[in-house]
Amino acid sequence: MDVLLFGIAKDIIGKSEFEVPVDDTPKSVQELKEYLIKKFPDFGKLSSFAVAVNSEYAKDDITLNGNDEIAIIPPVSGG
Amino acid sequence: MNKKIIEIVDVIDTSQVFTELSDAHSGGICVFVGTVRDFTKGEEVVSLEFETYKKMALKEMDKIAIDAMEKWKLNKVIIRHAVGLKKVEAPVVVVGASSAHRDACFEACRYLIDTLKETVPIWKKEMFENKTVWVSAHP
């Protein structure tokens, strides 16, 4: 599963895409967040930490499928 | 002509916006331009760098424009954001609306920029003399 990274999320992992190893593949948004915070504790320090599935904000209980486009949305700061 | 203009661009030309929002049924046009400020919390900002998740940002901007058109009677709406490296004083965002009477476009304009700042996936990095900071990343 590939996860797109933007802003500070890109700096935390050190690249613009992160591949979650097959054995760790999360089934839901909640599981993905838990996995990333465990592996990269800096995610837990952000003011907010959202996930987008197919370019829409996704709630924690949303199920993830192999062909979804998944992105980490750190605190936005446009304008 | 399009009722709404939703764009992410490299460079904003603020001189276009009057023509873009001008409308025979409108008695008023209200525009907000966000620009690069030279100081944050007493420290000199050299430039700002914006990046976006473009596909999602355009969707979110479109939702904001549609919501505004439902809340107020607007003739035209624009939401245009710039990305890339921006120097002090450069325009980075333009939002605006035209309407028959001024109340609607004034209120809508504030809603457009306030909501954009809350929901649109665009990120701003402040570049100081000897450090860079992702704005709002930490509490």
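Predicted model: local features only at pLDDT ≥ 70, side-chain atom pairs only at ≥ 80, totals over all residues.
Ser28(A) counts as buried, because its relative accessibility is 12% and the cut-off for buried is under 20%.

Where is Ser28(A)? It sits in the loop between β2 and α2 of chain A. Setting aside neighbours within four places in sequence, Ser28(A) is in contact with Asp60(A), Ile62(A), Thr63(A) and Leu64(A). Now take Leu46(A), which is 18 residues away from Ser28(A) along the chain; the C-alpha atoms of these two are separated by 20 Å.

Helix α2 of chain A covers residues 29-39, and its buried residues are Val29(A), Leu32(A), Lys33(A), Tyr35(A) and Leu36(A). They lie on the same side of α2(A), because the arc they cover around the axis is only 165°.

Let me step back to chain A as a whole. It has 2 helices and 5 strands, and along the sequence they follow the pattern β-α-β-α-β-β-β. The C-alpha trace spans about 35 × 25 × 20 Å along its principal axes. Chain A has a radius of gyration of 12 Å, which agrees with the value near 12 Å for a compact globule of 79 residues. Of those 79 residues, 51% count as buried. If we take contacts between residues at least 6 apart in sequence, 45% of them in chain A join residues at least 24 apart. The accessible surface of chain A is about 4,000 Å², and 47% of that belongs to carbon and sulfur atoms. As for charge, chain A carries 8 positive and 14 negative side chains, with the centres of the two sets 6 Å apart.

One more residue in this chain. Asn54(A), in the loop between β3 and β4 of chain A, has a positive phi of about 50° although it is not a glycine. Asn54(A) is partly exposed, at a relative accessible area of 36%.

Now chain B. Here there are 3 helices and 9 strands, and from the N terminus they run β-α-β-β-β-α-β-β-β-α-β-β. The radius of gyration is 16 Å, close to the 14 Å from the globule rule for 139 residues, so chain B is as compact as a globular protein of that length. Its C-alpha atoms fill a box of roughly 50 × 25 × 25 Å along the principal axes. Buried residues make up 50% of the chain. For contacts in chain B with a separation of 6 or more, 76% are between residues 24 or more positions apart. Chain B exposes about 7,400 Å², with 51% supplied by carbon and sulfur atoms. It has 20 positive and 21 negative side chains, and the centres of those sets lie 4 Å apart.

I finish with a residue of chain B. Is Lys41(B) buried or exposed? At 83% relative accessibility, Lys41(B) counts as exposed. Lys41(B) lies in the loop between β3 (39-40) and β4 (43-52) of chain B, and its phi is near 45°, a positive value in a residue other than glycine.

Notes: Residues numbered from 1 in each chain as written. Chains lettered and ligands numbered in written order. Heavy atoms only, no water. Helix = DSSP H or I, 4+ residues; strand = E, 2+ residues; numbered from the N terminus. Rg over C-alpha atoms; globule rule 2.2 N^0.38 Å. Buried < 20%, exposed > 50% of the residue type's maximum accessible area, 1.4 Å probe, protein only. Contact = heavy atoms within 4.5 Å. Areas by Shrake-Rupley, 256 points an atom, 1.4 Å probe, with all protein chains shown as cover. Lys, Arg positive; Asp, Glu negative; His and termini not counted. Charge placed at Lys NZ, Arg CZ, Asp CG, Glu CD. Arc of directions from axis to C-beta.
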